[in-house]
Amino acid sequence: MVNRLASLLKQALEGEPDEAAITAEAEAWIAHTRLHFKRENELMLEYGFPAYPVHSGEHERVLALLEERYQAWMTNHSAEPFAAFLFEDWKDWFEAHVNTMDNITAQFIIQRGGA
Ligand SMILES: [Fe+2]
C-alpha cells in the first residue's frame with residue numbers, strides 16, 4: 001500500500017502526476033493505518049500491557065501527523081512535501097516504531113499466551 005503510494009508520488013515528481021490516484025491511495029493508507037493501530041490498541045488493553053498510554057499515544061500522534069499531511073496534499077496537491085514525508089519521516093518512524101514499541105508489545109503479549 002505504501003509502495004503503491006510511493007510509486008505514484010515518484011511518478012508525480014517526474015512530472016506525470018495522477019492526483020486522483022494519489023488521493024485514493026492516501027485515503028486507503030490512512031484508513032488501513034487507523035484500523036491497524038486500533039487493533040494493536042485493543043490487544044494491548046486485552047492483555048493489560050503496562051505501557052499502553054505511551055504506545056497508543058504514539059499511534060495517536062502519528063495518525064494526527066498523517067491526517068495533517070493528507071490535508072496539506074488535498075489543499076495544494078503538491079507532491080514534493082508529501083513524498084518527503086513518506087520517504088523520510090514515515091519510513092524512519094515506522095522502522096523505529098516496529099523495532100521498539102511493537103516488538104516489546106508483541107513479546108509481552110506472547111509471554112501471556114496471546115498470538
Ligand atoms: Fe504500534
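Axes here are lines fitted to C-alpha atoms, for helices over the stretch in contact, and angles between N-to-C directions run from 0 to 180 degrees. The model is predicted, so local features need pLDDT of at least 70 and side-chain atom pairs count only at pLDDT 80 or more, while totals for chains, interfaces and linings use all residues. Residue numbers start from 1 along each chain as its sequence is written.

**Exercise 1. Work out how helix 2 and helix 3 pack, and with which residues.**

Step 1: Start with the geometry. The two helices pack at an angle of about 170°, and their axes are 10 Å apart.

Step 2: List who touches whom, where contact means C-beta atoms, placed from the backbone, within 7 Å. Helix 2 brings A26, I30, T33, R34, F37, E40, N41, M44 and L45, and helix 3 brings Y52, H55, S56, H59, L63, L66, E67, Y70 and W73.

Step 3: Sort them by class. The contact has ten nonpolar, five polar and three charged residues. Ala, Val, Leu, Ile, Met, Phe, Trp, Tyr, Cys and Pro count as nonpolar, Asp, Glu, Lys and Arg as charged, and the others, Gly among them, as polar.

**Exercise 2. Zoom in on L63: is it buried, exposed or partly exposed?**

Step 1: L63 is found in helix 3, residues 52–76.

Step 2: Count neighbours. L63 has 15 other C-beta atoms within 10 Å, so it is partly exposed. The scale calls a residue buried at 20 or more other C-beta atoms within 10 Å of its own, exposed at 12 or fewer, and partly exposed in between, with C-beta atoms placed from the backbone.

Step 3: Find its partners. Leaving out residues up to four places away in sequence, L63 touches T33, R34 and F37.

Step 4: Check a residue from further off. L43 sits 20 residues from L63 in sequence, and their C-alpha atoms are 18 Å apart.

**Exercise 3. Now do the packing of helix 3 with helix 4.**

Step 1: Geometry again. Helix 3 and helix 4 (residues 79–111) pack at about 170°, with axes 12 Å apart. That makes the two roughly antiparallel.

Step 2: Name the contact. From helix 3 come H55, E58, V62, R69, A72 and W73, and from helix 4 come P81, F82, F85, W93, H97, M101 and T105. By class, that gives eight nonpolar, three polar and two charged residues.

Step 3: Look at the linker. H77 lies in the loop between helix 3 and helix 4. H77 has a positive phi of about 45° although it is not a glycine. Most residues other than glycine have a negative phi. With 13 other C-beta atoms within 10 Å, H77 is partly exposed.

**Exercise 4. Which way does helix 1 lie against helix 4?**

Step 1: The angle is about 140° and the axes are 10 Å apart. The pair is therefore oblique, and the crossing is left-handed.

Step 2: The residues in contact are L5, A6, L9, A12 and L13 of helix 1 with A79, E80, F82, A83, L86 and F87 of helix 4. They split into ten nonpolar, no polar and one charged.

Step 3: S7 is exposed, with 12 other C-beta atoms within 10 Å. Its C-alpha atom is 9.8 Å from that of A83, 76 residues away along the chain.

Terms used:
Helix = DSSP H or I, 4+ residues; strand = E, 2+ residues; numbered from the N terminus. Contact = placed C-beta atoms within 7 Å. Parallel < 35°, antiparallel > 145°, perpendicular 65-115°, else oblique. Left-handed = near helix turned anticlockwise from the far one by under 90°.
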